[in-house]
Amino acid sequence: MFAANNIVEVIQLMLAHGLMISAYGLLLPGMNNKYSIVFNRIRVLNNEKRKVLVLSENNETALWDNVRLESIK
């Protein structure tokens, strides 16, 4: 017969995989959300950079535009 300690260990080993998969399932959407926020901010900065560059080609830039362009870089 199994001792009580052995039965507890067997149950823990059986449940560990299911709990880890559940934990990963909760962790991944949170990480995905954080990365999507970062990527969205990069897109916004690239769009702003393009707008400033278009203005600079038309010689309509101000000092602030040049400073902002350097800040984006």
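Start by selecting glutamate 48, which is partly exposed at a relative accessible area of 22%. The model is a predicted one, so the cut-off matters here only as a label: a residue counts as buried under 20% and as exposed over 50%.

Arginine 68 and glutamate 48 form a salt bridge, with their closest N and O atoms 2.7 Å apart. Glutamate 48 belongs to helix α1 (residues 4–57) and arginine 68 to helix α2, so this pair ties together parts that are 20 residues apart in sequence. Side chains of opposite charge can pair when their charged atoms come close.

How many salt bridges does a search of the whole structure find? The search finds two. For the other, select glutamate 70 and lysine 73, whose closest N and O atoms are 3.9 Å apart. Both glutamate 70 and lysine 73 are exposed.

Now select helix α2, residues 63–72. Its buried residues are Asp65, Leu69 and Ile72. Looking down the axis of α2, these buried residues fall within an arc of 65°, so they line one face of the helix. Turn to the face directed away from that buried side to find the exposed residues Leu63, Trp64, Glu70 and Ser71.

Last, go to valine 38, in helix α1. Valine 38 counts as partly exposed, at 44% relative accessibility. Select with it Met20, Tyr24, Leu27, Leu28, Met31, Tyr35, Phe39 and Ile42: together with Val38 they form a nonpolar patch on the surface, with about 900 Å² of accessible area.

Terms used. Residues numbered from 1 in each chain as written. Predicted model: local features only at pLDDT ≥ 70, side-chain atom pairs only at ≥ 80, totals over all residues. Heavy atoms only, no water. Buried < 20%, exposed > 50% of the residue type's maximum accessible area, 1.4 Å probe, protein only. Helix = DSSP H or I, 4+ residues; strand = E, 2+ residues; numbered from the N terminus. Arc of directions from axis to C-beta. Salt bridge = Lys/Arg side-chain N within 4 Å of Asp/Glu carboxyl O. Patch = residues over 30% accessible without salt bridge, like charges linked within 9 Å, V, L, I, M, F, W, Y side chains within 5 Å. Areas by Shrake-Rupley, 256 points an atom, 1.4 Å probe, with all protein chains shown as cover.
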